[in-house]
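Please examine the sequence and the structure shown here together. The briefing after them is arranged by topic.

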Amino acid sequence: MTLSANATEEDEMPGGRLTQQDRQLIAIRLADGHGYADIARELDRPTSTISREVTRNGGRTGYRAEHAHLATGSRARRRKPSTPAESAPTTDAYGRDRLAVREYAELFAETMVETGLPRMASRVLSYLYTADAPSLTAAELVRELKVSPASISKAIAYLEGIELVRREPDPGKRHEHYLIAEDIWVQAWRTSARANANWADTARKGADLFDPATPAGQRLERMSLFFQQLSDDMAGAGPTQEIAEDTVTILAALVHAARPVTTTQLANALDWPTTRVAIALATAEAYEAFTDPLAVELVAPSTYKIATPRLTDAQRLALT
């Protein structure tokens with residue numbers, strides 16, 4: 001969607017201009033760790049409105065309400081009025097609302113940002129994925145996202161590095177086309193599985209160095225077991241029958257105890273090595289769907305109890 005020359009950046013925001021009070025609320029909620037979607041619901045605005053506002057004015061960590069309000073007014077005053085051009089079409093070739101399509105692309109990107117993908121890489125990937133064209137050039141991405149060619153180049157390099165995007169030269173022309181990898185989500189899955197495996201390996205090395213018998217070593221050992229379980233699960237290898245049975249036994253022991261118990265107490269009561277207890281606890285934490293409606297809750301260092309997350313505090317109190 002293109003803006004007329006005399007349109008302000010806030011005129012494109014559904015719901016009208018953000019007020020100074022709106023911006024103060026945005027700053028407070030950002031400082032409290034709220035996501036764009038939460039803030040948008042509170043202000044009754046589209047998520048993309050909040051995302052654009054924050055991005056234009058310092059980002060999540062640099063956003064300041066007063067500065068944002070003054071800067072927006074200054075940008076609006078710098079725009080020179082011009083003769084209104086013919087209105088751009090509000091729908092695309094498929095009859096879809098252009099503004100709704102753009103807002104969805106920004107929401108798609110924001111979802112990826114919240115999972116850890118860099119913001120510009122998320123926006124590029126979102127626009128590639130939601131484009132009807134089989135590919136886009138750098139110039140098209142610059143025009144759509146209104147950013148510099150260097151920003152696009154850096155984002156594409158990142159996405160190529162994790163095998164989510166590939167480039168193809170245009171025969172007879174200087175520019176290149178960027179395409180979504182056909183197995184993009186399989187690649188993302190593999191990347192995540194590899195990251196979990198790396199975390200497991202690093203934590204295991206730390207546990208060996210610190211000694212699993214020490215508090216730090218035990219903490220690292222549990223971390224290693226947790227990420228190894230996630231990695232195995234994503235690779236299609238769930239817990240073995242033996243580990244699954246141990247996990248059920250741990251749940252039964254915690255239910256029977258009806259109070260917080262330490263891993264040492266569990267090991268002594270079950271006559272198991274502490275490593276076996278740690279593996280069963282890590283499996284219970286990694287496979288909440290498997291343990292449902294019960295859950296293992298860490299209440300103090302190396303101390304666990306059974307939780308019932310399906311029940312609210314009020315429901316537990318009523319039952320008690």
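The model is predicted, and its chain averages a pLDDT of 80. A pLDDT of at least 70 is reached by 84% of the residues.

**Confidence**

- Residues 1-15 have a pLDDT that stays under 50.
- Where pLDDT is low, predicted coordinates should not be read in detail.

- An open sheet is formed by 3 strands in the order 1-3-2, with antiparallel pairing.
- The edges are taken by strand 1 (136-137) and strand 2 (165-169). Each has a single partner strand, so one side of each lacks a neighbour in the sheet.
- Strand 1 is joined to strand 3 (residues 176-180) by 2 bridges, and the two run antiparallel. In this pairing, Leu136 stands opposite Tyr178 of strand 3.
- Strand 2 is joined to strand 3 by 5 bridges, again with an antiparallel run. Here Arg167 has Tyr178 in strand 3 as its bridge partner.

- Helix 7 (residues 119-130) has 12 residues, which at 1.5 Å a residue should span 16 Å. The end C-alpha atoms of helix 7 are 16 Å apart, in agreement with that expectation.
- Buried residues in helix 7 are Ala121, Ser122, Arg123, Val124, Leu125, Ser126, Tyr127 and Leu128.

**Backbone features in loops**

- Most residues other than glycine have a negative phi, and most peptide bonds are trans.
- Lys146 is not a glycine, yet its phi is positive, at about 55°. Lys146 lies in the loop between helix 8 (138-145) and helix 9. With a relative accessible area of 54%, Lys146 is exposed, because the cut-off for exposed is over 50%.
- Ala258 likewise has a positive phi of about 55° without being a glycine. Ala258 is placed in the loop between helix 12 (241-257) and strand 4 (261-262). The relative accessibility of Ala258 is 67%, and this residue counts as exposed.
- A cis peptide bond runs from Asp292 to Pro293, with omega near 15°. Pro293 is found in the loop between helix 15 (288-291) and strand 5 (295-300).

- Arg45 is located in the loop between helix 2 (36-43) and helix 3 (47-56).
- The relative accessibility of Arg45 is 14%, so this residue counts as buried under the 20% cut-off.
- The side chain of Arg45 makes a polar contact with the side chain of Asp22, at 3.3 Å.
- Between Arg45 and Leu18 there are 27 residues of sequence separation and 9.5 Å in space, C-alpha to C-alpha.

Definitions and conventions. Residues numbered from 1 in each chain as written. Heavy atoms only, no water. pLDDT = per-residue confidence, 0-100. Contact = heavy atoms within 4.5 Å. Helix = DSSP H or I, 4+ residues; strand = E, 2+ residues; numbered from the N terminus. Expected span 1.5 Å × (residues − 1). Buried < 20%, exposed > 50% of the residue type's maximum accessible area, 1.4 Å probe, protein only. Pairing = 2+ DSSP bridges. Polar contact = N/O pair within 3.5 Å; in protein donor to acceptor, adjacent residues only side chain to side chain.
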